[in-house]
Amino acid sequence: MFRANGPVFFAGFFYFCNERKVIVINSHEHWMNLALQLAKKAKGWTLSNPLVGAVIVNDDRLLAEGYHKAYGRDHAEVDAINNALDSVEGATLYVNLEPCCHEGKQPPCVEAIINSGIKRVVVGMLDPNPKVSGKGVERLKKSGIEVITGVLEDEAKLLNEEFIKFITTGLPFVTAKSAITLDGKVATRTGDSQWITSEESRKDVHRLRHENMAIMVGIGTVLADDPLLNTRIEGLKSPIRVVIDSNLRIPEDSRMFHLDENETIIFTTEAVPKAKVEILNSKPGISVVIADTDKSGSVNLNTVLKILGERGISSILVEGGALILGALSNEKLVDKYHIYIAPKFIGDHEAPSFINGESVEHINDAQELINVSYKVMGADILVTGYPRRS
């Protein structure tokens with residue numbers, strides 16, 4: 001007999017009951033969802049590594065939980081095995097990403113699984129890393145372990161979208177962020193922009209900074225705001241700062257240069273004064289990188305992403321102004337948009353808009369976002385979406 005409220009397990013399914021309806025959830029999906037939730041706890045801490053959670057179950061009784069807590073720490077599968085208070089022999093392991101089978105910062109997870117006596121592994125998605133993809137599953141099968149793949153695969157891919165792009169292309173995942181009014185403005189014509197959005201939205205931006213390895217702005221933002229570009233939430237880390245400055249106009253006393261946390265990378269061109277390059281390079285935590293140029297003579301943003309990827313930077317939050325967002329959009333370099341919309345309007349055609357890209361003559365040619373989601377942030381609305389690629 002079902003309880004009036006709460007979950008009941010029967011014949012491979014969980015029945016969540018209340019007075020009005022019964023919701024049936026496959027038990028594989030239930031435990032995989034728990035693994036995904038565990039993986040999310042490490043957002044911002046795994047750097048270029050994926051987010052992975054693991055759950056060990058026997059007869060649908062939870063034995064242990066684990067997740068990859070930070071770069072260089074135990075992988076999720078090993079963490080879960082180590083956390084088990086009872087024997088895991090004969091148990092089922094749920095993990096959102098295929099267990100690794102190669103030696104990296106940590107030993108291969110498949111060997112720990114095999115040695116533990118676990119008899120079944122349920123996987124959310126195969127690892128896109130060519131060193132692993134399919135090989136981890138094959139190793140487990142050869143050891144007599146049953147493997148089930150593709151459980152909540154779409155959710156697993158969404159969670160690790162940044163890792164997937166980085167490990168398959170060598171390029172960082174680029175998220176463009178902006179805070180705008182209802183009429184699409186980021187400031188008044190005098191440049192005043194504090195504060196367009198609510199405190200809740202601003203706090204969420206600092207969370208985004210923590211979750212990305214780097215934050216990028218153009219020199220226009222630096223000259224206008226002299227920003228710190230750090231994370232101002234206790235307990236969260238600050239990203240690497242990246243400034244696009246084709247003419248090396250950045251002031252030598254910029255506030256960001258006085259921060260001890262993380263480094264600042266300035267991308268410029270061959271045409272700038274060598275003396276200033278040397279002065280900036282001599283400052284602790286600052287490096288000036290000479291990049292090639294695009295057709296306009298500005299820093300080539302494709303080159304910037306390539307160099308940052310080679311440095312192991314897997315994700316970038318772009319908080320620049322209209323010019324850099326427009327340039328990235330024109331080059332189809334933005335992977336995702338986070339737009340915070342405040343219920344205000346400025347109503348001045350001279351006030352700057354959030355993006356200054358290539359113009360279109362017809363609405364059908366406008367940049368369109370797909371897989372759009374909406375979230376209320378205080379008085380604001382956060383719109384998140386991905387650019388449609390033609």
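## Close-up views of a predicted model

**View 1. Leu152 sits in a loop between a strand and a helix.** In this predicted model, L152 belongs to the loop that runs between β8 (146–149) and α5 (153–159). Its phi is near 55°, a positive value in a residue that is not glycine. That is worth a second look, because most residues other than glycine have a negative phi. Is L152 buried or exposed? With a relative accessible area of 16%, L152 is buried.

View 2. L248 is found in the loop between β11 (240–244) and β12 (264–268). At 3% relative accessibility, L248 counts as buried.

**View 3. Here is the largest nonpolar core.** This core has 42 residues, and the members that touch the most others are I56, I118 and V121. Which helix gives the core its largest share? Helix α1 (residues 27–40) does, with 6 residues. As a general idea to keep in mind, nonpolar side chains in soluble globular proteins tend to be buried together.

**View 4. Now we look at the surroundings of Ile56.** Once neighbours within four places in sequence are set aside, the contacts of I56 include L62, L63, I81, V88 and I118. R61 and T92 are also among the residues in contact with I56. Elsewhere there is a second, separate core of 30 residues, with I180, V242, V299 and I324 among them.

View 5. How many does the model have? The count comes to 0. The sulfur of C109 has its closest cysteine sulfur in C100, at 3.5 Å, which is too far for a bond because the cut-off is 2.5 Å. For C101, the closest cysteine sulfur is again in C100, 7.1 Å away and also too far. C109 is buried at 1% relative accessibility, while C101 is partly exposed at 25%.

**View 6. A lysine meets a tyrosine ring.** The charged end of K69 sits over the ring of Y67, at 4.4 Å from the ring's centre. As for aromatic pairs, the structure holds 0.

**View 7. Thr303 lies in a helix.** T303 is part of helix α10, which covers residues 301–310. Its relative accessible area is 18%, so T303 counts as buried. Leaving out residues up to four places away in sequence, T303 touches A291 and D292.

Methods. Residues are numbered from 1 along each chain as its sequence is written. This is a predicted model: local features need pLDDT of at least 70, side-chain atom pairs count only at pLDDT 80 or more; totals for chains, interfaces and linings use all residues. Side-chain values use heavy atoms; hydrogens and water are left out. Helices (H or I, at least four residues) and strands (E, at least two) are DSSP runs, numbered from the N terminus. Buried means under 20% relative accessible area, exposed over 50%, partly exposed in between (1.4 Å probe, protein chains only). Contact means heavy atoms within 4.5 Å. A nonpolar core is a set of buried Ala, Val, Leu, Ile, Met, Phe, Trp, Tyr and Cys residues joined through side-chain atoms within 4.5 Å. Rings of Phe, Tyr and Trp (its six-membered ring) pair if their centres lie within 6.5 Å; planes under 30 degrees apart count as stacked, over 60 as edge-to-face and the rest as tilted. A charge sits over a ring if NZ of Lys or CZ of Arg is within 6 Å of the ring centre and within 35 degrees of the ring normal.
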